[in-house]
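Student: Could we go through this structure together? I'd like to know what stands behind each label we put on it.

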Amino acid sequence: MSLSLSVEFSGGAELLCGNIKKHDIHLPKQDSKWQIKNLLLWLKDNIIQERPELFMQGNTVRPGILVLVNDADWELLGELEYEIQENDQIVFISTLHGG
C-alpha cells in the first residue's frame with residue numbers, strides 16, 4: 001500500500017518542477033517508514049525537472065527554503081528524521097528571490 005501526501009512548492013520553488021505548485025503524491029511501500037530525508041531524494045528524482053541544485057544541497061534542502069509539515073516548521077518536528085504520515089501536507093517555500 002502506498003503512502004499518500006500533498007507536496008506544494010511556492011515562492012519561486014515551483015519553477016523547478018514545471019511551474020506546477022501542488023502535487024498529490026503516492027509514495028511506494030518500503031520496508032522502513034518514509035522520512036523527509038527519503039522524500040527529498042524521491043522529489044529530486046521524480047518531481048524536480050530542472051536545476052535540482054537550487055532545491056537540494058547535499059542531503060537536505062538548500063538554505064533559504066522553508067519547509068512546513070501540516071503548517072508547522074519542520075525544525076520543530078525533527079527535520080530530516082520526521083516520519084511522513086498518511087495525508088501529510090508538506091510545503092517548500094523559497095525565501096530567496098533573485099533580482
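Tutor: Start with the surface: the chain exposes about 5900 Å², and carbon and sulfur atoms supply 48% of that. Accessible areas here come from the Shrake-Rupley method with a 1.4 Å probe, and for residues only the protein chains shown count as cover. Mind that this is a predicted model, where local features need pLDDT of at least 70, side-chain atom pairs count only at pLDDT 80 or more, and totals for chains, interfaces and linings use all residues. Residues are numbered from 1 along each chain as its sequence is written, and side-chain values use heavy atoms, with hydrogens and water left out.

Student: Why does glutamine 35 count as buried?

Tutor: Buried means under 20% relative accessible area, exposed means over 50%, and partly exposed is in between (1.4 Å probe, protein chains only). Glutamine 35 has 15% relative accessibility, so it counts as buried. Its place is the loop between E2 and H1; helices (H or I, at least four residues) and strands (E, at least two) are DSSP runs, numbered from the N terminus.

Student: What is glutamine 35 in contact with, leaving aside neighbours within four places in sequence?

Tutor: Contact means heavy atoms within 4.5 Å. By that rule, glutamine 35 is in contact with Leu80, Glu81, Tyr82, Glu83 and Ile84.

Student: What makes a set of residues a nonpolar core?

Tutor: The members are buried Ala, Val, Leu, Ile, Met, Phe, Trp, Tyr and Cys residues, joined through side-chain atoms within 4.5 Å. The largest such core here has 28 residues, and Phe9, Leu43, Phe55, Ile84 and Phe92 have the most contacts inside it. Among the elements giving two or more residues to this core are helix H1 (36-46) and strand E5 (65-69). Phenylalanine 55 touches, among others, Phe9, Leu43 and Phe92.

Student: How do you know that the chain is as compact as a globular protein of that length?

Tutor: The chain has 1 helix and 7 strands. Its radius of gyration is 13 Å, close to the 13 Å that the globule rule gives for 99 residues, so the chain is as compact as a globular protein of that length. The radius is taken over C-alpha atoms, and the rule is 2.2 Å times the number of residues to the power 0.38.
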